[in-house]
Amino acid sequence: RVQLVESGGGSVQAGGTLRLSCVASRHTNSRNCMSWFRQAPGAEREGVGSSYILRGTTLYADSIRGRFTISQDNAKHTIYLQMNKLKPEDPGMYYCAAGQFACVGENWYQAATAGWNYWGQGTQVTVST
């Protein structure tokens, strides 16, 4: 079993930055793909971006492309989400997820069906205006 622990959430003003981290307990094929999702109150969980760890490739949701960047440190089993130019529509609980094949294909952003087998507990992001 892979355990994921997120950190780095907080409260910032619109236009500010945050860097989220997600540490995996170990490396297995189960985390060939890692991703970031977010969920606002009353809304569905939506994909923010995913990373194919072995290839170092990333995919992003249109809503955050150009503002958010996913990076990884394989030696530390860690994936990061650099969030710049935060907007009032960005707040929510941000979750890290891992799966063996979830990022291979076009439906990576679907939290329930893409094959994201492991989830962290989430870290809260708040943006004030």
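Author: Buried means under 20% relative accessible area. Keep that in mind for this predicted model.

Reader: OK. Is cysteine 33 buried or exposed?

Author: Cysteine 33 has a relative accessible area of 0%, so it is buried.

Reader: And cysteine 103, buried or exposed?

Author: Cysteine 103 has 7% relative accessibility, so it counts as buried.

Reader: What do cysteine 33 and cysteine 103 form?

Author: A disulfide, with the sulfur atoms 2.0 Å apart. The link is left-handed, with -60 degrees about the S-S bond. Cysteine 33 sits in strand E4 and cysteine 103 in the loop between E9 and strand E10, 70 residues apart.

Reader: How many disulfides does a search of the whole structure find?

Author: There are 2. One joins cysteine 22 to cysteine 96, S to S 2.1 Å. Cysteine 22 is in strand E3 and cysteine 96 in strand E9, so the pair ties together parts that are 74 residues apart in sequence. Both of these cysteines are buried.

Reader: What is the pairing of the bonded cysteines, numbered in sequence order?

Author: It is 1-3, 2-4.

Reader: New topic. In what order do the strands of the open sheet come?

Author: E1-E3-E8-E7, 4 strands with antiparallel pairing. E1 and E7 are at the edges, each with a single partner strand, so one side of each has no neighbour in the sheet. The twist averages 15 degrees from one strand to the next.

Reader: Over how many bridges do E1 and E3 pair?

Author: Over 4, in the antiparallel sense. Glutamate 6 stands opposite cysteine 22 in E3. That cysteine is bonded to cysteine 96.

Definitions and conventions
Residues numbered from 1 in each chain as written. Predicted model: local features only at pLDDT ≥ 70, side-chain atom pairs only at ≥ 80, totals over all residues. Heavy atoms only, no water. Pairing = 2+ DSSP bridges. Helix = DSSP H or I, 4+ residues; strand = E, 2+ residues; numbered from the N terminus. Axes fitted to C-alpha atoms, helices over the stretch in contact; angles between N-to-C directions. Disulfide = S-S within 2.5 Å. Buried < 20%, exposed > 50% of the residue type's maximum accessible area, 1.4 Å probe, protein only.
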